[in-house]
Amino acid sequence: MGKKDLQGDQNDDAKVEAVLELLRKQAPLTVKQEKFCNKACVERFLQAKGDNVKKAAKHLRACLSWRESIGTDNLIADEFSAELVEGVAFVAGHDEESRPVLIFRIKQDYQKFHSQKLFTRLLVFTLEVAIQTMPKSVEQLVLLFDASFFRSASAFMNLLLATLKIVAEYYPGRLYKAFVIDPPSLFAYLWKGVRPFVELSTVTMMVSSLDFEESLEFNDFSNYPRTSSLRFDPSSLKSTAKIGSCSSSRFSFTVSHHFDSLKPWYLSLTDTSASKVGPTSPSPLGPALISPLNARSFSFASPAARTPRGSINGGGNSTRHTRKSLFPSTPLPQRTTGSDSSRISHPRTPRPSFLQSPAMFFRKEGHVSRTDKSRESFIPFLKFYRRPYDEMIYRSKMRPPLGGLISIVSPHLRRRHVSVSQRF
């Protein structure tokens, strides 16, 4: 096994040298280009092209030309001062495998006031900052796209495809996973049609933040006192909402105390108003709840069925009430008193049945859907998405020359006073 590994390493080194020789034959490489085309970089391009030396050399030459046209060597933070203040694109931190996590919170109006070239430069600047913060043993990164600011699915689709294309062509092998968080409603249908033609579609997933509302186990806000003071405290406001029933002349809307149910509310056909049309005498049937089992209509029934029991054989008062109604309708249930309200046990809303998803018939026991896989993959990066943005922390991660003219000095590191005589 050792000899095979040694031979494999020699073959990889030979391919890397072959790619560099083809590049030098086309045009001499500058010092910065030589630094960029290291062994790890050439191996990523070879892997992207299936270990084909000619294709890898051509792809790498195109990447060098593109980097020169963008001006990656001249990118500094002062060019994106407004974006850094608002937190449009930044490096939020590193995951457990020391991979940098990038977050893009771009609004839909951003493309109206900024050109595509400026967005490309912002993307490349953020990618370069993330690559600078990588340890030597790490080569990949994670992208989080917050699409909640977009109303148009097509506008966000154009932005996402442009980003994935740049990462796939000019940063091959760098993307570990990409998550699209809270996209517009029609984005799923557009992505389903475009997905087969996107190179990085296998590592791109859609996630909804509403699925993680109850997972608040971490406490990252304590590390950011400036932003933790801006959090909403529900205890500071007195709630005027009441959990109970809201009734009308025919229906009752009740909110249950069981919040673990799928829908903590249900409708019931109850008589809660004094102004009624139809019979008002007590009915031995009791309150009729609205459900698929007991929802019956007596509109075409006989007069005996529409009239409560006891009114035909001599119930005088109930007969008078029924004669006042020109359009007989379904008999209303009896009025419930305050003493009996506590005894009534309202049924909870049933959980979704198999009728909502025909695929349940064909699902295996060990089968895991694509949505469940996306949720499980996004859990390690949820804390980065919810962590508040701090410009000073992000600027402190920038190394020269990307950091620009503004230097961030930590307040914990205080300079000692040096007299004039000690300086010279």
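R375 is partly exposed, with a relative accessible area of 32%; partly exposed covers the range between buried (under 20% relative accessible area) and exposed (over 50%), computed with a 1.4 Å probe on protein chains only. This is a predicted model, in which local features need pLDDT of at least 70 and side-chain atom pairs count only at pLDDT 80 or more, while totals for chains, interfaces and linings use all residues. Residues are numbered from 1 along each chain as its sequence is written, and side-chain values use heavy atoms, with hydrogens and water left out.

R375 forms a salt bridge with D211, the closest N and O atoms being 3.1 Å apart. The two residues belong to distant parts of the chain, 164 residues apart: R375 is in helix 14 (residues 370-378), and D211 is in the loop between strand 5 (204-207) and helix 10 (225-228). A salt bridge here is a side-chain nitrogen of Lys or Arg within 4 Å of a carboxyl oxygen of Asp or Glu. Helices (H or I, at least four residues) and strands (E, at least two) are DSSP runs, numbered from the N terminus. D211 is partly exposed, at 39% relative accessibility. R375 also meets the side chain of D372 in a salt bridge, at 3.9 Å from N to O. D372 and R375 are three residues apart in helix 14, which separates them by about one helical turn. An α-helix has 3.6 residues a turn, so residues three or four places apart point the same way. D372 is partly exposed, at 31% relative accessibility.

## The bridge between helices 1 and 2

The whole structure contains 12 salt bridges. One of them joins E34 and R24, with the closest N and O atoms 3.4 Å apart. E34 lies in helix 2 (residues 31-36) and R24 in helix 1 (residues 2-26), so this pair ties together parts that are 10 residues apart in sequence. E34 is partly exposed at a relative accessible area of 32%, and R24 is partly exposed at 38%.

Helix 7 (residues 116-132) has 17 residues and should span 24 Å at 1.5 Å a residue; its end C-alpha atoms are 24 Å apart, which agrees. The expected span is 1.5 Å times one less than the number of residues.

Helix 7 is mostly covered, with 12 of its 17 residues buried. Among them are F119, T120, L123 and L127. In helix 8, the buried residues include L159, T163, I166 and V167.

Two packed helices are described by the angle between their axes and the distance between the axes. The axes of helix 7 and helix 8 (residues 153-170) come within 11 Å and cross at roughly 50°. That makes helix 7 oblique to helix 8. Axes are lines fitted to C-alpha atoms, for helices over the stretch in contact, and angles run from 0 to 180 degrees between N-to-C directions. Angles under 35 degrees count as roughly parallel, over 145 as roughly antiparallel, 65 to 115 as roughly perpendicular and the rest as oblique. The crossing is right-handed, meaning that the near helix is turned clockwise from the far one by less than a right angle. Q116, F119, T120, L123 and L127 of helix 7 meet L159, A162, T163, I166 and V167 of helix 8, where contact means heavy atoms within 4.5 Å.

## V91 in strand 1

V91 lies in strand 1 (residues 89-94) and is buried, at 2% relative accessibility. Leaving aside residues up to four places away in sequence, V91 touches P100, V101, L102, T126, V129, A130, Y394 and K397. Of these, T126, V129 and A130 are buried residues of helix 7. The C-alpha atoms of V91 and F104, 13 residues apart along the chain, are separated by 9.1 Å.

## Positive phi values

D51 has phi near 60°, a positive value in a residue other than glycine. D51 is in the loop between helix 3 (39-48) and helix 4 (53-70) and is partly exposed, at 44% relative accessibility. D182, another residue other than glycine, has a positive phi near 55°; D182 is in the loop between strand 4 (175-181) and helix 9 (187-194).

## Whole chain

The protein has 17 helices and eight strands. Of its 424 residues, 35% count as buried. Among contacts with a separation of 6 or more, 74% are between residues 24 or more positions apart.
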